[in-house]
Amino acid sequence: MKTILEYQEQFKKQEITPLSLLERSLANINPSLNAYITVTEEFARKELKKDKEGKLKGIPIAIKDNINIKGIPTTCASNVLKGFVPPFSATVIERIEKNGGIFTGKTNLDEFGMGSSTERSFYGPTKNPFDPTKVPGGSSGGSAVAVASGSAVISLGSDTGGSVRQPASYCGLVGLKPTYGRVSRYGLVAFGSSLDQIGIIGRNAEDVEIMLEVIAGYDPKDSTSSDKEVDDYHNLEKRPKNIKIGIPEEYFKQIDSEVYSSVMEIKKALEKENITFKSVSLPTTNYIIPTYQVISYAEASSNLARYDGVRYGLREKGEDFHDTIRKSRDKGFLPEVKRRILVGTFVLSSEAIAEYYERADLIRRLITEEFNEVLKGVDCLLTPATPTTAFPIGERTDDSIRMHVPDRLTAGANLAGIPAVVAPAGMIGKLPIGYQLIGRPFDEKNLLSIVRLVEKIAPFKWFLKEDKNG
Amino acid sequence: MKEVDIKHLSKLANIQLDKEEEKKLQEDLNKIIKHIRKIQEVKVGKTPTQTHLHAESLPLREDKEDMPLSVKEVLANTQNPSKNHFTINRMINEDNS
């Protein structure tokens with residue numbers, strides 16, 4: 001399993017060409033895993049001919065199908081966007097293209113990013129390459145499976161409550177949710193606008209650092225993007241020293257004992273490297289899921305109001321204008337999206353807004369303050385990424401509340417807008433499990449430095465499956 | 001806790017539901033709302049609301065005209081466009097007109 005820099009070294013030595021790497025990657029696509037909604041082979045071959053130089057030169061990259069690539073359908077795994085071909089590319093796509101990256105395709109997701117399993121897709125479920133009877137996590141499951149099964153070297157997903165990090169945990173990968181505002185969201189289809197952030201899924205910290213350098217930074221087209229200077233993430237110098245990591249006790253409750261042991265192994269290994277640990281408490285943790293549900297459902301109900309079949313997407317025949325819209329939306333959305341739109345509509349309705357939405361907004365403030373306060377005393381927090389390994393396909397499909405259970409460990413970082421990274425903590429049986437580091441705003445470099453250190457000293461045998469790329 | 005009025009909500013959300021869906025979603029929504037009511041336990045005191053997470057570094061873009069999409073591009077994804085317009089079906093029933 002090679003890194004971006006190793007592949008590029010091979011290009012220089014003419015041991016392989018970008019074309020041969022692309023062809024081998026495309027050959028690794030396993031249709032039975034259903035990672036892709038659209039494979040963009042023809043588009044990729046055309047791009048390769050342009051022979052662009054840059055940090056991602058010749059690297060096959062998979063893109064979650066809620067991020068626009070001009071001229072390639074964006075479906076968001078929804079029937080409501082049937083036939084939609086975006087007339088513009090997302091800013092992250094333009095930046096990757098400028099740096100020579102090559103797109104293998106658009107990957108499967110839970111419809112509009114609403115789920116933790118990539119089962120709730122109009123295009124069918126994606127399967128975990130370690131065990132096809134299990135989910136790959138979600139909602140960026142297709143992007144994780146593309147990387148884990150060797151059809152892409154790295155991929156982009158989006159993370160509203162853990163959608164990049166959960167699949168990274170279930171598929172043995174590194175998944176980064178950057179700070180809110182670090183990466184432009186222009187061209188990302190909106191789900192929960194105060195929570196959404198484009199994230200990266202890769203095989204190792206170094207690849208993620210390189211991708212972050214390419215896509216991070218101010219974009220005038222996204223008014224929520226920050227103009228804070230972009231770190232030289234990949235620079236090995238100026239790595240942090242005297243690191244102190246917090247262990248939030250609430251994050252270690254209601255998790256499998258084997259998950260607990262795996263994360264403790266990471267802690268022990270880091271202690272040997274003179275990293276110190278401190279117990280900390282985040283008492284609002286128990287309110288993360290309901291707060292996240294109220295805010296994200298409210299924002300979803302507003303964001304998804306645009307799907308009316310008039311300007312794009314599915315249009316059903318109706319008796320009049322309003323009937324057409326109602327029928328188009330009924331045919332277009334799967335049950336989970338309807339549930340979230342309806343609950344979102346309820347919490348924003350005049351009789352319920354004070355009790356639900358406004359209250360959740362205040363609790364969000366408390367959660368954010370709690371994180372900020374705790375992070376004054378430590379550099380970052382170490383937690384499990386998910387309470388269990390990947391669960392069976394079909395187990396939670398129709399149970400909205402149970403599907404949200406893993407979000408307890410990940411959605412806090414979205415509510416507080418802070419960065420978090422998940423990376424492999426070993427295997428439990430034949431399934432991978434991840435640990436999570438949650439950091440201060442714009443401190444992605446330190447988080448990824450610690451992941452690099454773990455990669456070097458990890459007490460478990462590195463387990464990623466070998467792909468045909470060698 | 002008052003039951004949610006699914007008919008009213010589906011009208012507000014512009015989603016047509018058949019009888020079976022209505023029944024199922026009514027049950028689901030009651031369960032979800034019971035679950036999210038947990039937030040009522042939190043003492044929020046006089047917490048101010050937050051407008052943005054990292055507001056200190058958000059510049060406004062320069063107020064200048066950029067190259068817009070062409071009409072052709074804008075209409076490329078709609079059904080039955082008419083010249084430079086989107087088309088929709090009748091908004092006012094003949095009985096009301």
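Strand β9(A) and strand β11 (residues 431–439) of chain A run antiparallel and are joined by 5 bridges. At this pairing, Leu381(A) stands opposite Ile438(A) in β11(A). The model is predicted, and both strands belong to an open sheet of 11 strands in chain A.

**Strand β9 of chain A**

- Strand β9 (residues 380–384) of chain A is largely enclosed by the rest of the structure, because 5 of its 5 residues are buried.
- In a regular strand, side chains alternate between the two faces of the sheet.
- Cys380(A), Leu382(A) and Pro384(A) point one way from β9(A), while Leu381(A) and Thr383(A) point the other way; all are buried.
- β9(A) also pairs with strand β7 (residues 244–248) of chain A, in the parallel sense and over 2 bridges.

- Strand β5 (residues 174–177) of chain A pairs with strand β6 (residues 197–202) of chain A in the antiparallel sense, over 3 bridges.
- Within this pair, Gly175(A) stands opposite Ile201(A) in β6(A).
- β5(A) is likewise joined to β10(A) by 3 bridges, and these two strands run antiparallel.
- Leu176(A) has Val421(A) in β10(A) as its bridge partner.
- β10(A) is mostly covered, with 7 of its 9 residues buried.
- An antiparallel pairing over 8 bridges links β10(A) and β11(A), in which Gly434(A) of β11(A) is the bridge partner of Pro424(A).
- β10(A) and β11(A) form a hairpin with 2 residues between them, and Gly429(A) in the turn has a positive phi of about 65°.

**Helices that pack on the sheet**

- Helix α8 (residues 257–271) of chain A lies across β8, β9, β10 (420–428) and β11 of chain A, and runs at about 110° to β10(A).
- Helix α2 (residues 18–27) of chain A packs with α3(A) at an angle of about 170°, their axes being 10 Å apart.
- Angles over 145 degrees count as roughly antiparallel, and α2(A) and α3(A) are therefore roughly antiparallel to each other.
- α2(A) passes α3(A) in a right-handed crossing.
- Pro18(A), Leu19(A), Leu22(A) and Leu26(A) in α2(A) meet Glu41(A), Ala44(A) and Leu48(A) in α3(A).
- By class, this contact of α2(A) with α3(A) has 6 nonpolar, no polar and 1 charged residues.

- The crossing of α9(A) past α12(A) is left-handed.
- Ile288(A), Thr291(A), Val294(A), Ile295(A) and Ala298(A) in α9(A) meet residues of α12(A), among them Tyr356(A), Ala360(A), Ile363(A) and Ile367(A).
- The residues of this contact of α9(A) with α12(A) divide into 9 nonpolar, 1 polar and 2 charged.
- Thr284(A) lies in the loop between β8 (276–280) and α9 of chain A.
- Because 20 other C-beta atoms lie within 10 Å, Thr284(A) is buried.
- Not counting residues up to four places away in sequence, Thr284(A) touches Ile363(A), Leu366(A), Ile367(A) and Glu370(A).

**Contact between chains A and B**

- The contact takes 49 residues from chain A and 42 residues from chain B.
- On chain A, the elements that give two or more residues to this contact are α9 (288–303), α10 (321–332), α11 (335–348), α12 (354–377) and α13 (400–403).
- The largest share of the chain A side, 9 residues, comes from α12(A).
- The residues on the side of chain A that touches chain B divide into 23 nonpolar, 12 polar and 14 charged.

Key: Residues numbered from 1 in each chain as written. Chains lettered and ligands numbered in written order. Predicted model: local features only at pLDDT ≥ 70, side-chain atom pairs only at ≥ 80, totals over all residues. Contact = placed C-beta atoms within 7 Å. Helix = DSSP H or I, 4+ residues; strand = E, 2+ residues; numbered from the N terminus. Nonpolar A, V, L, I, M, F, W, Y, C, P; charged D, E, K, R; others polar. Buried ≥ 20, exposed ≤ 12 C-beta atoms within 10 Å, placed from the backbone. Pairing = 2+ DSSP bridges. Left-handed = near helix turned anticlockwise from the far one by under 90°. Axes fitted to C-alpha atoms, helices over the stretch in contact; angles between N-to-C directions. Parallel < 35°, antiparallel > 145°, perpendicular 65-115°, else oblique.
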